[in-house]
Structure formats: C-alpha cells, structure tokens
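You asked for a quick read-through of this one before you dig in. Here are my notes, in the order I would look at things.

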Amino acid sequence: MRISPPRIRLLVKEGLLRPAYPGRGHLSKHLTLYGKDINTFLAQLSHDECHQYAESTDLISVWRIGKQWLRGDENFLHLITALTRGELKAAGRDPNQFGIRALLLHRLEFRAWFDHLHAEQELMSIPDAARFLHIDDCTIYHFVQAGLLALDEHRLYRFGKHIPGLRRATLVDLQRQYLWGEGLAQATGIDRLHAAANLIHQGAKPVAGPWIHKHCCYVFRKEDILNATAGPRLETSVSGTTAEAPPTA
C-alpha cells in the first residue's frame, strides 16, 4: 500500500481496513492482513480503475497531498475516508509511485474539498481570527505569547505556503473568559482610557498586558472583575458583552 505500518494500524483501528484476525486488535505485535482484503480496500479507492498519468498542473498525487497539504493522522484519515466515500475521486495513477500514494486527484476538486474541510474544522488564519475578535493581527500574537491563545497543530495552506491557524472554539472561549479594551469600558461604565487602571486600583490583577501597539491593552478575567467590583450592573454587562478592542489611531 506504500504507507507506514502506523498508518496501516490506524486504518485498521478506524475500521477502514479489515485485519485477518479481528479479535487480536490493531495494537497486537504482529498485525496480519489478507491480500484479498487489501485489494478490496484499494479497489474502494478506485485504484484498479485508474489509468497511468504523470503528475501535472491538473493532477496531484496523494503522496504530495500528504507531504504538503494534509500532515498528521487526523487529516490522513479525512483524505482516505473521502476517497472511500467518493467525496474525492481518483483520476489516475502516477507511474512513478505505488499503492495509495500513487493515486492522482484533480487539483481543483481537491482544493474545493480541502477548503470545505477546513471550514468544517473551523480553523481560522491569524487575520481571520483578528477580524473575529475585532482586534489587529499584532494583538493576536500578544495573546498567543501570553498563553491565552494556542495556535493549532494543524496548519492552513494559503498563498502557496503553510501558515498557523486558530480554532474558532478557542476564540469563543477567550471571549467567554476574558475582557479587554472596549469590553472593559462597557462592563465597568468607565471610559476606555481609565477602565483598566480603575480595576487594578480595586484589586483586580490583569492576566496580561499592557501591550503597546497603537494602543495599550490589559486583559482581565471576567471572574476577577466581578470579584473586585461585586457590582450587579457589572455582572449583567460582563455576561452579555463580547470582547472588542479599542479603535486604532
């Protein structure tokens, strides 16, 4: 099949490939497969129906997709599952490769599927994440450096290169737990320039900041703000507000 033993075990674990002795599990020291089951699996990927073509600007091999676009076991499974379900169809076979890695896909079809995959995974680029939070790109990196945001291990492929991404769920969690910038002003009823200083004076400790990039920015936990102020109006405002950054100069 021209894939690594761990990948074969992964296919067995996920039920995509049938082992000769199912009762022994995919983690057994010696994993045995029948040749007929391997052929059946490859046939599901249209392996036997493909003609030989050279990789070109119109066709891309599964091997190259795995190397340049879809690294990691999770993405490998997404690709194989899409092939078995017919969401992606093999257009040919690279004569210089063998097994799964030799399969050729139409580049345009793969790109459409790839973009849809990342939309489903809700993996966002740094600029998209900044727009989602109403802040600038530099502040996103400040959040990452402060440990408030974690870049996802999967990387987006944009503009011909791999770039870091952020999960939408991660951004939503940030908004749910923290306030900064205009969000502080809305929650406290104090203007944006003095809200942070007022909270610090009342005993609320910022978890990050200040960052100076067209503006100063402290970040506070909503829970700490409530504990420091213990104001009923603040509690209502904090629970209903969304985090926004102050406008840039």
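The points below cover the sheet, a loop residue, a helix pair and the aromatic rings.

1. Ground rules. This is a predicted model, where local features need pLDDT of at least 70, side-chain atom pairs count only at pLDDT 80 or more, and totals for chains, interfaces and linings use all residues. Residues are numbered from 1 along each chain as its sequence is written, and side-chain values use heavy atoms, with hydrogens and water left out.

2. Start with the open sheet, in which three strands sit in the order 1-3-2 with antiparallel pairing. Strands here are DSSP runs of E with at least two residues, helices are runs of H or I with at least four, and both are numbered from the N terminus. Two strands pair if DSSP finds at least two bridges between them. Strand 1 (59–61) and strand 2 are the edge strands, each pairing on one side only. From one strand to the next, the twist averages 40 degrees.

3. Who faces whom. Strand 1 is joined to strand 3 by three bridges, and Leu-59 stands opposite His-106 of strand 3. Strand 2 also has three bridges to strand 3. There, Ala-90 has Leu-105 as its bridge partner, while Gly-92 is opposite Leu-104.

4. Look at Gln-97, in the loop between strand 2 (90–93) and strand 3 (103–106). Is Gln-97 buried or exposed? Gln-97 counts as buried because its relative accessibility is 19%; the cut-offs are under 20% relative accessible area for buried, over 50% for exposed and partly exposed in between, with a 1.4 Å probe and protein chains only. Leaving aside residues up to four places away in sequence, Gln-97 touches Arg-2, Trp-63 and Ala-102, where contact means heavy atoms within 4.5 Å.

5. A helix pair. Helix 6 (residues 126–133) packs against helix 8 (residues 168–177) at an angle of about 35 degrees, and their axes are 11 Å apart. Axes are lines fitted to C-alpha atoms, for helices over the stretch in contact, and angles run from 0 to 180 degrees between N-to-C directions. On the helix 6 side the contact involves Ala-129, Phe-132 and Leu-133, and on the helix 8 side Arg-168, Leu-171, Val-172, Leu-174 and Gln-175.

6. Aromatic pairs. How many aromatic pairs are there? The count is six, with rings of Phe, Tyr and Trp (its six-membered ring) pairing if their centres lie within 6.5 Å; planes under 30 degrees apart are stacked, over 60 edge-to-face and the rest tilted. One of them is Trp-69 with Phe-114, edge-to-face at 5.0 Å centre to centre and 90 degrees between the planes. Trp-69 is in the loop between helix 3 (62–68) and helix 4 (73–85) and Phe-114 is in helix 5 (residues 107–121), so this pair ties together parts 45 residues apart in sequence. Both Trp-69 and Phe-114 are buried. Trp-69 and Phe-114 also belong to one aromatic cluster with Phe-110 and Trp-113.
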